[in-house]
Amino acid sequence: MLMRLLGTYGTIIVLGSMLLIFSVLQPGTFATIGNFRNIINDMAIGTIVAAGLTVPLVAGDFDLSIGYVASFCGLLVVGLLSFSGLSIPLAIVLVVGLGTLIGIVNGIVVSKIGVNAFIATLGTGTIVVGLNYAYSGGIPLQLTQSREFTNIAIGRIAGVPHLVIIMAVVLALLWVILNRTVQGQHIKAIGVSPESARRAGVAVDRSRIVAFAIASTCAAIGGVLMASNLGSGQVTAGDSFMLTSFSAAFLGSAALREGQFHIIGTLIGVLTVAVGNNGLAMIGAPIFTQFLFTGCLLVVAVALGGIGRRYGRG
């Protein structure tokens, strides 16, 4: 019973414990509505990337290229706006389309050629890093039309930040795709047993390609929003999304479900990571502790997810 409890509610227990501890240590700064509002706004971009990663994870695949895709797309959109003179809508469509294309390539290499997803996406991500440096020369790019583009990330509608609205829309779309469409059911079936899904008539290769395309598209959207939020294109700004996204997704697998990846769980996982980092900053912990925290959290997340899968059906 204890193992089933940890496998199903372990992440919520961790999140609740951190909220209690940091509220006691810093009641006047951490436990405030303003701080919680900042946490939600700050975690919006990471949530979009992590939610996209959740889709191939549901299908039983890994995508290690998402952080590099986010970095390259964020830098590229700034370059297209500042140096190529493209309009904001056109630049965003091209960059997000490129992200989708990278995901399709990942899916083809994994499903059609048969390369292990770990190796394939790591290789693709390394190629993307090379393209990133080839395009920028390793130098950050500055926006020339900053006000219009940065308003995408920092603007508000009826007091609600644009980033939170975009995050909510993306999460809702991904939830519908996974839970209310035939394609989503196929992706879930592949995650349970690819061979059984194939025998049941599921187009396994196509569904895996779709899953990778969704993950990379969300990474590209995250990169664009990151560039808008920063007001510039940074060469490595999105690289850290890979670690935090995996941490969030695995933490989410131990939230409300027994070791299963799902969108709501990933949202809870991102919130757990965000609360931890925010709390450490509030108590004045050294910056290196955030890296230690994220790394330890990933180990805990994988352990909790494993416990859920092992004892969930016990």
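F246 is buried, with a relative accessible area of 7%. The views below come from a predicted model.

**View 1. F246 and F62 form a stacked aromatic pair.** F246 sits in helix α12 (residues 241–252), while F62 belongs to the loop between α3 (44–58) and α4 (66–82), so the pair ties together parts that are 184 residues apart in sequence. F62 is partly exposed, at a relative accessible area of 34%, whereas F246 is buried.

**View 2. The structure holds 4 aromatic pairs, among them the tilted pair of F22 and F30.** Here the distance is 5.5 Å centre to centre, with 55 degrees between the planes. F22 is buried, with a relative accessible area of 8%. F30 is buried too, at 0% relative accessibility. Ring pairs join F22 and F30 with F36 in a cluster.

**View 3. Helix α7 (residues 146–154) has F149, T150 and A153 buried.** Viewed down the axis of α7, the buried residues fall within an arc of 90 degrees, so they line one face of the helix. In an α-helix there are 3.6 residues a turn, so residues three or four places apart point the same way.

**View 4. The buried residues of α7 pack against other helices.** Their partners are α4, α5 (88–113), α8 (162–180) and α11 (204–230). F149 is one of the buried residues of α7.

Methods:
Residues numbered from 1 in each chain as written. Predicted model: local features only at pLDDT ≥ 70, side-chain atom pairs only at ≥ 80, totals over all residues. Heavy atoms only, no water. Phe/Tyr/Trp six-rings, centres within 6.5 Å; stacked < 30°, edge-to-face > 60°. Buried < 20%, exposed > 50% of the residue type's maximum accessible area, 1.4 Å probe, protein only. Helix = DSSP H or I, 4+ residues; strand = E, 2+ residues; numbered from the N terminus. Arc of directions from axis to C-beta. Contact = heavy atoms within 4.5 Å.
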